[in-house]
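I set out to look up how this protein chain is put together. These are my notebook entries.

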Amino acid sequence: SQLCKQPLRDLDTLFLIWVEEEYPDELDDFVFLANEIFSKTDDIKYVHCEIRAANFDDSMLGIYWPYLTHLSLGFTILFEDLFEIVQNVPNLLELNMVIDYHDVNVITEATEFLTNIKKHYPTPSSSKIETLRIDNSDDEAVTDSESSDRESVSSLAESVDDAAAIDGGNSIRAYSNIKLIQELGLGNMLILELAVGYDKQLAKYVCSMPTTVPYTLLAPNLVELDLRFIHSWTLKFPTIYPRSLRKIDIMFQDVSIDWDVFRVDKESKAIVFDNLTDLSITGDSYIPELRDVANANNLDLKFPNLERLFLSSCNLTKKDGQALMSHKLNWLHFEGSFIAASQLCKQPLRNLDTLFLAWLGLQHPEETDDFISLANEIFNKTDGIKRVQCEICSESGVKNVDGVDWPYLTHLSLAFMMPFKDLFDMLPKVPNLVHLDILINNCSDNELTEATEFLANIKKHYPAPSSSKIKSLRLIDENTALHSYSRCKQTFGGVIEDLKWYWPQLRDIKFQES
C-alpha cells in the first residue's frame with residue numbers, strides 16, 4: 001500500500017502477493033488496503049493478486065476489486081463463498097484455487113453445489129472468467145513412493161453453457177493425484193461434474209490421468225483434445241466428435257490405438273478429421289514395424305489438413321501410416337524402429353519443413369547395417385527440407401559407418417560415445433550437418449582419455465581442417481551426480497581449440513550436465 005501511493009497509470013502489469021502473518025485484524029487490514037490499491041488500477045492491462053493464507057475468513061467477502069484480472073487463492077474455499085467473491089471482481093479473467101482432494105466433505109460440497117447450481121443461480125452470471133484452475137492443496141499427504149505417480153487431471157472448457165453459473169469461461173483446469181482418484185473417486189467425481197456442465201460448448205479437453213469418462217463428447221466446438229488411455233484403469237472409452245478437432249494429443253498405455261473412439265457413426269467405416277492440423281500419438285512399447293493388417297473395425301481414416309505429426313512407440317498399421325502422411329504435412333517427428341520409419345516415409349517428403357527421426361531400437365551391432373541402409377534410403381530423399389534431424393539411441397554404438405550416406409542431414413544426436421576417429425571419418429558423408437549432440441553418460445574414464453588424446457593430436461591425423469559445416473556442438477553428461485567432478489568440462493575443456501581448428505565453422509560449444 002505504501003509502495004502504491006504513487007500513480008500506477010503507466011504500468012502494464014501489477015502483481016501483488018500477500019502472505020498472511022497472523023496478527024490480530026490482519027485480514028481486515030488486508031481487505032481494506034487491497035481495495036484501496038485495486039480501485040486505482042483501471043488503466044493497467046494485467047492486475048494480479050495472490051493470497052497466501054491458511055484459511056478462508058468471512059472478512060474476504062468484503063473484497064471489491066473492480067479492475068483485478070488474475071486471482072490466486074492459496075487456501076481451500078467453499079464454492080458458495082467463492083462465487084460471492086467473484087461477483088465483486090467483475091473484470092476477473094483467471095482464477096486459481098486449491099481443493100483438498102483427501103477431504104470428503106470438501107469434495108462432496110463442491111460437487112453438490114455444482115450439480116445444483118441452477119437452484120443457487122437461476123441465470124448465468126456476467127463474469128468474464130476465462131480460466132479456472134483447481135489444484136490439490138494437500139501436497140504433504142502424498143508419500144515419496146506415491147510422488148512418481150502424481151499426474152494432473154484437467155478438464156478445460158472454452159465457453160459456458162446455460163448450465164453453468166460462471167458465464168463466458170474459456171477453460172477449466174484441475175489437478176490431482178492418480179491414486180487418490182482411483183481409490184476414492186472424489187477428484188474424478190468433481191471433474192466429471194465440471195466437464196458435463198460444459199459439454200455443449202466444450203472446446204478444449206485435457207485429461208492426463210487414465211481416462212474414465214463414460215460418456216460421449218459430441219461437442220461441435222471441440223478443438224483441442226489431450227487424453228491418456230490405460231487399459232487397467234480405463235472404465236470405458238469416450239466417443240469423441242472428430243470433425244471440429246484441430247489438435248489431438250493421445251497416449252495409449254497397455255492398449256493399442258483405438259480409432260473407434262472417434263467413430264460417432266458406428267455404421268460408417270470412414271472417420272474424417274476435417275480440421276485437424278496437429279496430432280501427437282504416444283505408445284509405451286517398442287514396435288519393430290508397422291503392422292500389415294487392417295486396424296480395428298477396418299476403419300478408413302482421413303487427415304486432409306494435417307500439418308504436424310508426432311509419433312512415439314505407437315502400434316500403427318501400414319494403412320494408418322499412409323493416411324497420416326497428409327499432403328499438407330510440414331512437420332514430422334517419429335520415434336521408433338527405422339523399419340517403421342522407412343515404411344512411414346515411403347510417401348514423398350518434399351512438403352516437409354522439419355523431419356525428426358529417433359531410432360530407439362538399436363540393441364546389437366549386427367543391426368547397424370540394416371539401420372544405415374534404411375537411413376540412407378530416407379535421408380537421400382530429404383533434399384529441400386530445412387531441418388533434417390536424426391537421433392540414434394544405441395546400447396552398443398554404431399559400427400561400420402563407412403556406408404553412411406546422409407547428404408541432407410542437418411542435425412545429429414548420438415546417445416552414445418562414438419570414437420572420434422569413426423565420427424570424423426563419417427562426417428564427410430554428412431556434408432550439411434550443422435549441429436551435433438554427443439551423450440557421454442556411459443563412457444569410462446579411459447574412453448574419455450582416449451578421446452581427448454585423439455583430439456589433442458588431431459593435426460597428426462588430419463593435416464588440414466575439414467570442410468565440415470558444423471556450427472554447434474553439445475557434449476552431454478547426465479550422470480554428473482555420480483562423479484566428484486565435471487567430466488565434460490574437465491575432459492574436453494583443453495581440446496576446444498583443436499576442435500575449432502578442425503571444424504573451422506564451429507562457433508558454439510556447450511557442456512550440458514545434470
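The entries below go from the whole chain to single residues.

**Entry 1. Ground rules.** I noted that this is a predicted model, in which local features need pLDDT of at least 70, side-chain atom pairs count only at pLDDT 80 or more, and totals for chains, interfaces and linings use all residues. Residues are numbered from 1 along each chain as its sequence is written, and side-chain values use heavy atoms, with hydrogens and water left out.

**Entry 2. The whole chain.** I looked up the secondary structure and found 15 helices and 24 strands in the protein chain. Helices (H or I, at least four residues) and strands (E, at least two) are DSSP runs, numbered from the N terminus. The chain has 514 residues, and buried ones make up 50% of them. Buried means under 20% relative accessible area, exposed means over 50%, and partly exposed lies in between (1.4 Å probe, protein chains only). I recorded an accessible surface of about 24,300 Å² for the protein chain, with 47% of it belonging to carbon and sulfur atoms. Such areas come from the Shrake-Rupley method with a 1.4 Å probe, and for residues only the protein chains shown count as cover. I then turned to contacts, meaning heavy atoms within 4.5 Å. Of the contacts in the protein chain with a separation of 6 or more, 64% are between residues 24 or more positions apart.

**Entry 3. Nonpolar cores.** A nonpolar core is a set of buried Ala, Val, Leu, Ile, Met, Phe, Trp, Tyr and Cys residues joined through side-chain atoms within 4.5 Å. The largest one holds 92 residues, and Phe-262, Phe-338 and Phe-424 touch the most other members. Helix H10 (residues 368–379) gives the most to this core, with six residues. Apart from it I found another core, of 44 residues, including Leu-8, Leu-27, Leu-114 and Ile-117. I also listed what Phe-424 touches, not counting residues up to four places away in sequence: Phe-454, Leu-455, Ile-458, Tyr-462, Leu-499, Tyr-502 and Trp-503.

**Entry 4. Helix H3.** Helix H3 (residues 104–115) has twelve residues. From its first C-alpha to its last, H3 reaches 16 Å, close to the 16 Å expected at 1.5 Å a residue. The expected span is 1.5 Å times one less than the number of residues. Which residues of H3 are buried? I found Val-106, Ile-107, Glu-109, Ala-110, Thr-111, Phe-113 and Leu-114. An α-helix has 3.6 residues a turn, so residues three or four places apart point the same way.

**Entry 5. Strands.** Two strands pair if DSSP finds at least two bridges between them. Strand S13 (residues 247–253) has a covered face of Ile-248, Ile-250 and Phe-252. Its uncovered face consists of Lys-247, Asp-249, Met-251 and Gln-253. S13 pairs with strand S15 (residues 278–282) in the parallel sense over five bridges, and Lys-247 stands opposite Asp-278 in S15.

I next examined strand S23 (residues 472–477), where five of the six residues are buried, so the strand is largely enclosed by the rest of the structure. Strand S22 (residues 435–439) runs parallel to S23 and is joined to it by five bridges; here Asp-437 has Arg-474 as its bridge partner. S23 and strand S24 (residues 508–513) also run parallel, with six bridges between them, and Asp-477 is partnered by Glu-513 in S24.

**Entry 6. Cysteines.** How many disulfides does the structure hold? I found zero, where a disulfide is a pair of cysteine sulfur atoms within 2.5 Å. For Cys-393, the closest cysteine sulfur is in Cys-390, 9.1 Å away, which is too far for a bond. Cys-314 counts as buried because its relative accessibility is 7%.

**Entry 7. Single residues.** Ser-313 lies in the loop between strand S17 (308–312) and helix H8 (318–324). Ser-313 has a positive phi of about 50 degrees although it is not a glycine, and its relative accessibility of 16% makes it buried.

Is Gln-347 buried or exposed? Gln-347 is buried, because its relative accessible area is 17%. This residue is in the loop between helix H9 (338–344) and strand S19 (354–362). Leaving aside neighbours within four places in sequence, Gln-347 is in contact with Gly-321, Gln-322, Met-325 and Lys-381.

Gln-87, in helix H2 (residues 79–87), counts as partly exposed at 49% relative accessibility.
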